[in-house]
Amino acid sequence: MNNGISGLKNIVWAFAIVLSLAALIIGLIVTMVLRYSGEAPDGTMYLEGSGASSGLSGSLSGEDGIDAGQSGGGVMELPSSQDTGLEYLFNLTFLCDSSFSAVNSFGANFGSTASSQVWLPSSGTLAAANASSTAIIYPQDGSEKTPGDAADVYEPSRLVIYLGGDQLSTATAESFTAGYTALIQAVQSASPNTKIICCSIGSVTAAYAGSDGLSSQLVAQANDWIRQVCASTGVYYGDLASILNGDDGYLKAEYAEADGRSISSAGINAVMDYFRMHGI
């Protein structure tokens with residue numbers, strides 16, 4: 001009798017050991033699968049068949065505690081941030097065409113002689129197709145330099161680019177994007193640490209009848225091209241068109257100069273408010 005009970009116990013124990021081993025093996029297999037297609041031991045999420053997530057679908061933290069950017073459709077858009085203050089604005093460098101030249105007097109609005117560094121074309125025209133080779137007047141000494149050469153000397157921490165309307169009626173998607181890309185690459189090569197912000201541009205007023213053939217439709221197309229260039233070059237995108245233009249696609253009257261195309265000081269102030277709350 002005792003021998004029978006003892007034998008039954010041995011059988012039960014053996015069966016329990018087999019079940020435990022089976023559970024251990026299954027657990028090891030599950031752990032190995034999750035390690036490569038789920039959560040790794042360090043807490044980093046991985047996608048199956050890929051490396052670590054880039055995190056570009058959300059916000060990134062900059063060294064100064066300001067958001068470093070977030071993407072939408074492959075474009076790294078300027079994110080909302082804490083108030084960066086006037087000093088941040090005065091330390092921005094602008095490369096722009098004459099329609100944005102009112103930015104040159106921004107500091108005077110605050111009774112200050114300090115202002116952002118502004119690079120304007122010596123010819124008065126800065127077309128996207130040949131922007132990299134167009135000379136600008138370098139403020140430090142009044143000399144003429146290409147944007148790349150100016151970046152090489154000045155090494156701006158943040159360069160805001162606002163252009164695209166000049167000679168737009170004769171531009172093609174290929175000439176516009178190739179020229180704009182060449183400009184960005186020239187700056188990147190000359191000053192690798194510069195953070196570049198390329199901006200969508202303001203339109204024209206509904207009454208605009210300039211001889212350059214510029215229209216709200218052409219400006220909207222150019223802004224799509226600018227987004228594409230930002231995505232392909234990995235630079236920041238600042239959507240100024242959403243600030244300067246109305247729902248009808250035209251430049252808001254309160255932000256327009258008398259010529260129906262240039263941005264007024266009120267428009268510049270609105271743009272600066274945007275940059276102040278979208279720091280990188």
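The structure is a predicted model, in which local features need pLDDT of at least 70 and side-chain atom pairs count only at pLDDT 80 or more, while totals for chains, interfaces and linings use all residues. Residues are numbered from 1 along each chain as its sequence is written, and side-chain values use heavy atoms, with hydrogens and water left out.

A further polar contact, of 2.6 Å, links the side chain of Arg261 to that of Asp166. Arg261 belongs to the loop between helix H6 (241–244) and helix H7 (265–276); helices (H or I, at least four residues) and strands (E, at least two) are DSSP runs numbered from the N terminus. Arg261 counts as buried because its relative accessibility is 15%, where buried means under 20% relative accessible area, exposed over 50% and partly exposed in between (1.4 Å probe, protein chains only). Leaving aside residues up to four places away in sequence, the residues that Arg261 touches include Asp97, Ser99, Tyr208 and Leu251; contact here means heavy atoms within 4.5 Å.

A cavity is a set of points on a 1 Å grid over the protein atoms alone where a 1.4 Å probe fits but cannot get out, and lining residues have an atom within 4 Å of a point. The largest cavity holds about 60 Å³ of space, and one cavity of 30 Å³ or more is counted. Grid points are joined across faces, edges and corners, and a volume is the space filled by probe spheres set on the points. The lining of the largest cavity comprises three nonpolar, four polar and two charged residues.

Turning to the strands, S4 (residues 93–96) is covered on both faces, with Thr93 and Leu95 buried on one side and Phe94 and Cys96 buried on the other. In a regular strand the side chains alternate between the two faces of the sheet. S4 pairs in the parallel sense with strand S5 (residues 117–121) over three bridges, and two strands pair if DSSP finds at least two bridges between them. Thr93 has Gln117 as its bridge partner in S5. S4 also runs parallel to strand S8 (residues 158–162), joined by four bridges, and Phe94 is partnered there by Val160.

In helix H4 (residues 173–190) sits Phe176, which is buried because its relative accessible area is 1%. Ile226 lies 50 residues from Phe176 in sequence, yet the C-alpha to C-alpha separation is 8.7 Å. Beyond residues up to four places away, Phe176 touches Ala128, Gly164, Leu168, Ala222, Trp225 and Ile226.

Most residues other than glycine have a negative phi. Glu155, however, has a positive phi of about 50 degrees; this residue is in the loop between helix H3 (147–154) and S8, and is exposed because its relative accessibility is 53%. Gln167 has a positive phi of about 55 degrees, lies in the loop between S8 and H4, and is partly exposed at 48%.

How values were computed:
Polar contact = N/O pair within 3.5 Å; in protein donor to acceptor, adjacent residues only side chain to side chain. 1 Å grid on protein atoms, 1.4 Å probe; cavity = no way out; pocket = protein on both sides within 12 Å on 5 of 7 lines; lining within 4 Å. Nonpolar A, V, L, I, M, F, W, Y, C, P; charged D, E, K, R; others polar.
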